[in-house]
Amino acid sequence: MMRLSFWILSGIICGLVANWKKRNPFYWFLCGFIFGPFAILALAFFPKIEKLKRCPFCSQLVKGRVCRSCGMGIQDTIDLGKDEYKVE
Ligand SMILES: [Zn+2]
């Protein structure tokens, strides 16, 4: 029983880390459940995926809500078109 809960816990930790890294939490939950701490270790080396938006004023890629190039705030209500992804 202790062993099973250990693998489930590994799966949950893996899922949470995957979610934080913007990766598929269900897939990583399964990996964590099957491979345990090894999956968590593997996930730790995966880069985080950042969701970027294109600034409508200077068309730079923006992380967050304020453009670093022109300082304009970007609101979610503005249609920015297709979201772009970058691997850090
Ligand atoms: Zn800008």
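Predicted model: local features only at pLDDT ≥ 70, side-chain atom pairs only at ≥ 80, totals over all residues.
## A bridge to begin with

Residues are numbered from 1 along each chain as its sequence is written.

Strand S1 (residues 49-54) and strand S2 (residues 61-62) pair in the antiparallel sense, with two bridges; strands count as paired if DSSP finds at least two bridges between them. Six residues separate S1 and S2 in this hairpin, and Ser-59 in the turn has a positive phi of about 55°.

## The overall layout

The protein has three helices and three strands, in the order α-α-α-β-β-β from the N terminus. Both kinds of element are DSSP runs, numbered from the N terminus: helices (H or I) have at least four residues and strands (E) at least two.

## Inside the core

Now look at the largest nonpolar core, made of Cys-14, Ala-18, Trp-28, Phe-29, Cys-31, Ala-39 and Leu-43. Helices H1 (2-20), H2 (25-35) and H3 (37-44) each give it two or more residues, and H2 provides the largest share, three residues. Such a core joins buried Ala, Val, Leu, Ile, Met, Phe, Trp, Tyr and Cys residues through C-beta atoms within 7 Å. Buried means that 20 or more other C-beta atoms lie within 10 Å of a residue's own, exposed means 12 or fewer, and partly exposed is in between, with C-beta atoms placed from the backbone.

Of the 88 residues in the protein, 16% are buried.
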